[in-house]
Amino acid sequence: MKFKYGLNEIPPLGHLLLFGLQWLAIIIPIILIMGTAVTSLHPSGIVLQVVYIQKLCFIVAVALFSQVVWGHRLPIIIGPATVFLVGMAAGGGNNPEAVYTSILLGGLILAVVSITGLFAHLKRLFTSTVVAVILILVALTLTPMILNLVTAPTPHASSFANLCFSLAMVFCMFISARYLRGLWKSTLVFWAVIVGTISYLLLFSTSPLPTNDLQIVDIFWKGLQPSFVFDSGVFLSFLICYLALSVNDLGSIQAVDELLKPDNMPKRITRGVTVTGLVNVLAGFFGVIGVVNFSFSPGVIISSGVASRYTLLPTSLILLVLSFLPKTTAILGSIPSVVIGSSMIYIMCSQIAGGLQIVQSQNYKFEYGLIVGLPIILGVIVSYLPPAVLNTFPIILKPVLGNGFVVGVITVLIMEHIVFPRKD
């Protein structure tokens, strides 16, 4: 693919800021959603919830900057790892100190294992077919989350009204993508979030202003008192979570590798996974959920046509500033979920298109199509398993078997290298 700006190209300042804001518009809602989800496991009030989100913004800012400058040096967004939510809900909801101690220790183990170069040796497992499946899997296994975002009712709008708004917004985005050119097309997602938010607030008469009396500027670590408690059961559960996280992290890096073909990938993988581990050590110390490289980054790259890693630097700096602005963080939290979900639909369509393009470029036999089909079917099935079924899974296996993306990745690796191995 041809890109407006390559991997190591620095766009002009104005373009750099716009592309950085586009990445920000994508990652902020995920931080807010995950921060709210985690704090709901141990409720502590709106003020402490905002403080938690501030700390999460700080951790993601450090992770982004570190990855772009010292880690894998690729345009990959990083954010809160949903797989850790499984471990928290399974056994750590009532013991947060043990959870964050386990996140800290697990991050340290991941960093040490990565430094040995083990993950770089696994690169050969991620063939073009595996990467194509990963791209499609990410889009499809995120559909439950997207469905919740676009259909969640509010005091001012029903689920049906939100669904209609989402469909209208998605089609407007695709029509705009058809006719826009240059920078306008590259930053379409950013403008869609702004216009979509204003339109929603006007249509449904809602206010974006927080009702709580929060300070404009606040240093979140002024009352920081780390507490470490080791619980063998929680720690074992999070080791399984880290297994899933490492597969996700490696798959995310490999997906961008297939798209951009950068040089020196073994070192990029080693550095990237090492930085992920070290940032998770920092997350455990600050008492927040750990982070992972996101697999939907190729979708953003394809939809914007920009592959420069430097566009993530403004994103990290803005997140760093936001981590000290609680009132601004609360206002950002009022971006309608339906707007975020609609933007995600557009991005995931671009991601599926990228995966299909890789599949189409291969000279496949029919049986190779099965390699693509089974992981996607299993991944979607697991993603939609009801909580009643997931609760019957062994706690130690739930982070792996209860994660549709991880199940799909493991399945495609088995299909590609064991069931239908290539002879050429």
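**Labels and the values behind them**

Mentor: Just after helix 10, serine 205 takes a positive phi of about 50 degrees. Keep in mind throughout that this is a predicted model.

Trainee: How do you know that the length of helix 10 agrees with its number of residues?
Mentor: Helix 10 covers residues 188-204, which is 17 residues, and at 1.5 Å a residue these should span 24 Å. The end C-alpha atoms are 23 Å apart, so the two values agree.

Trainee: Which residues of helix 10 are buried?
Mentor: Among them are Leu188, Val189, Phe190, Tyr200, Leu201 and Phe204. Gly196 and Thr197 are buried as well.

Trainee: What makes helix 13 mostly covered?
Mentor: Helix 13 runs over residues 297-304, and eight of its eight residues are buried. They include Pro298, Gly299, Val300, Ile301 and Ile302, along with serines such as Ser297 and Ser304. Just after helix 13, glycine 305 has a positive phi of about 75 degrees.

Trainee: Where else does a positive phi occur in a residue other than glycine?
Mentor: Lysine 261 has a phi near 55 degrees, and asparagine 264 also has a phi near 55 degrees. Most residues other than glycine have a negative phi. Lysine 261 is in the loop between helix 11 and helix 12 (265-286), and asparagine 264 lies in that loop too.

Trainee: Why is lysine 261 called exposed?
Mentor: Its relative accessible area is 54%. The cut-off for exposed is over 50%, so lysine 261 is exposed.

Trainee: Why is asparagine 264 called partly exposed?
Mentor: Asparagine 264 has 44% relative accessibility. Buried needs under 20% and exposed needs over 50%, so asparagine 264 falls in between and counts as partly exposed.

Trainee: Is leucine 167 buried, exposed or partly exposed?
Mentor: Leucine 167 has a relative accessible area of 47%, so it is partly exposed. This residue lies in helix 8. Its C-alpha atom is separated by 33 Å from that of serine 323, 156 residues apart along the chain.

Trainee: How do you know that serine 166 is buried?
Mentor: Serine 166 has a relative accessible area of 2%, and the cut-off is under 20%, so the residue is buried. Serine 166 is in helix 8 (residues 159-179).

Trainee: Why is serine 66 called buried?
Mentor: A relative accessible area of 12% is under 20%, so serine 66 is buried. Serine 66 is placed in helix 2 (residues 46-69). Not counting residues up to four places away in sequence, serine 66 touches Gly71 and Val275.

Trainee: Why is the pair of tyrosine 5 and phenylalanine 19 called edge-to-face?
Mentor: The structure holds 12 aromatic pairs. In this one the ring centres are 6.2 Å apart and the planes are at 70 degrees. Tyrosine 5 is in the segment before helix 1 (13-41) and phenylalanine 19 is in helix 1, so the pair ties together parts 14 residues apart in sequence. Both tyrosine 5 and phenylalanine 19 are buried.

Trainee: How do you know that the charged end of arginine 178 sits over the ring of tyrosine 179?
Mentor: The charged end of arginine 178 is 5.2 Å from the ring centre. The distance limit is 6 Å, with a further limit on the angle to the ring normal.

Trainee: Which residues have the most contacts inside the largest nonpolar core?
Mentor: They are Ile27, Phe84, Phe296, Leu319 and Met348, in a core of 120 residues. Helix 11 (residues 232-260) gives the most to this core, with 14 residues. Leucine 319 touches Leu24, Ile27, Cys57 and Val60, among others, not counting residues up to four places away in sequence.

Terms used. Residues are numbered from 1 along each chain as its sequence is written. This is a predicted model: local features need pLDDT of at least 70, side-chain atom pairs count only at pLDDT 80 or more; totals for chains, interfaces and linings use all residues. Side-chain values use heavy atoms; hydrogens and water are left out. A nonpolar core is a set of buried Ala, Val, Leu, Ile, Met, Phe, Trp, Tyr and Cys residues joined through side-chain atoms within 4.5 Å. Buried means under 20% relative accessible area, exposed over 50%, partly exposed in between (1.4 Å probe, protein chains only). Helices (H or I, at least four residues) and strands (E, at least two) are DSSP runs, numbered from the N terminus. Contact means heavy atoms within 4.5 Å. Rings of Phe, Tyr and Trp (its six-membered ring) pair if their centres lie within 6.5 Å; planes under 30 degrees apart count as stacked, over 60 as edge-to-face and the rest as tilted. A charge sits over a ring if NZ of Lys or CZ of Arg is within 6 Å of the ring centre and within 35 degrees of the ring normal. The expected span of a helix is 1.5 Å times one less than its number of residues.
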